[in-house]
Amino acid sequence: KPAEQRHPKEPPSLQCMQLAVVACGDRLEETLIMLKSAVLFSNRRLCFHIFAEDSLKPEFEKKLKEWPSSYTKKFESNFYPITFSVGNAQEWKKLFKPCAAQRLFLPVILKDVDSLLYVDTDVLFLRPIDDIWHLLREFNSTQLAAMAPEHEIPKIGWYSRFARHPYYGSTGVNSGVMLMNLTRIRSTHFKNSLIPGGLTWEEMLYPLYQKYKNYITWGDQDLLNIIFYFNPECLYVFPCQWNYRPDHCMYGSNCRGAEEEGVSILHGNRGVYHDDKQPTFKALYEVIRDFPFEDNLFQSLYYPLQSKFLDTVHTLCGRIPQVFLKQIEKTMKKVYENRVIVYLGANHRY
């Protein structure tokens, strides 16, 4: 059955779109801008699951409360400490970046959540989350998670050139945007390289890490690649415009889906929002960061973005501004039309 239709009697709180993020260290601002982009454009209500170090929680709560009520009523937020249910917590913490491995434990911790979208802190939504949430309905009977390829072209891909462990498909997958049917993940026995029979998700994580820890470079993403190498039928692969990274344009444009439809989700990995290596990515981050919530989207978001993009044409990513602008323009038109209709409707009542 499609993931969204399995529980018709779910209480209203479970009918929202569930979004999870893990924030540690200096990622507070980045996480808030990601959540802001989610709330700006979403249609349905959102439930945030924020896994954060204890020291960050009060600041998160304070900042979210400062948002205008027209936005705060569109979501609810739940906070969780960083916890690892199996194995050595210190080892998990050191894997790749502090706390990144937390995402591997979401099916175990969020026991009452049916489906979930996990994103890294450096992600920006350029269209409603509703649109990626609908992809859950496209899962076939064996698929339980969705990710985008790590690369479009195997000969310049990292995994195809350097990986010393098994990985999914010809280029591996990127775990920065991951749609998960947690109910299915919890009830599946996964094929693996450890024992002849299947193992549950929780049983598999630590032994798998122990087996491959000397061969993995990208931490938890590598473990996910290993899992889906052995269980390819469990993965739904969505196209690159749902996880668009600098690699898709810095060597020339290689994400056809984004050329046709525009970028749906921007993933500014490698810190590009905070340095000057990819000014197109930085421009988008800054415009969403600086947007005053209740201003006109075209005036205070779209036009500043267009003018900032003029300064980036000397870069390969900056030469294709339509790729970055197409989806966001479409989304804004829809938001604007909805507001005008609501406004007119309200006036007609009197």
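I take buried to mean under 20% relative accessible area, exposed over 50%, and partly exposed in between, with a 1.4 Å probe and protein chains only.

**Entry 1: the model.** I note that the model is predicted, that local features need pLDDT of at least 70 and side-chain atom pairs pLDDT 80 or more, while totals for chains, interfaces and linings use all residues. Residues are numbered from 1 along each chain as its sequence is written, and side-chain values use heavy atoms, without hydrogens and water.

**Entry 2: salt bridges.** I searched the whole structure and found 15 salt bridges, each defined as a side-chain nitrogen of Lys or Arg within 4 Å of a carboxyl oxygen of Asp or Glu. Side chains of opposite charge can pair when their charged atoms come close.

I looked up Glu150 and Arg245, whose side chains form a salt bridge at 3.9 Å, N to O. This pair links distant parts of the chain, 95 residues apart. Glu150 lies in the loop between strand S6 (145-149) and helix H7 (158-162), and Arg245 in the loop between strand S8 (235-237) and helix H11 (256-261). Helices (H or I, at least four residues) and strands (E, at least two) are DSSP runs, numbered from the N terminus. Both Glu150 and Arg245 are buried.

I then examined Arg103 and Asp120, which meet in a salt bridge at 3.4 Å, N to O. Arg103 is in the loop between helix H4 (89-94) and helix H5 (106-109), and Asp120 is in the loop between strand S4 (115-119) and strand S5 (123-125), 17 residues apart. Arg103 counts as buried because its relative accessibility is 6%; Asp120, at 15%, also counts as buried.

**Entry 3: helices H12 and H13.** I looked up the packing of H12 (residues 279-290) on H13 (residues 297-310): the angle is about 155 degrees and the axes are 10 Å apart. The axes are lines fitted to C-alpha atoms over the stretch in contact, and angles run from 0 to 180 degrees between N-to-C directions. H12 and H13 are therefore roughly antiparallel, a term for angles over 145 degrees.

The contact (heavy atoms within 4.5 Å) involves Thr280, Ala283, Leu284, Glu286 and Val287 of H12 and Leu301, Pro304, Leu305, Lys308 and Phe309 of H13.

Methods:
Parallel < 35°, antiparallel > 145°, perpendicular 65-115°, else oblique.
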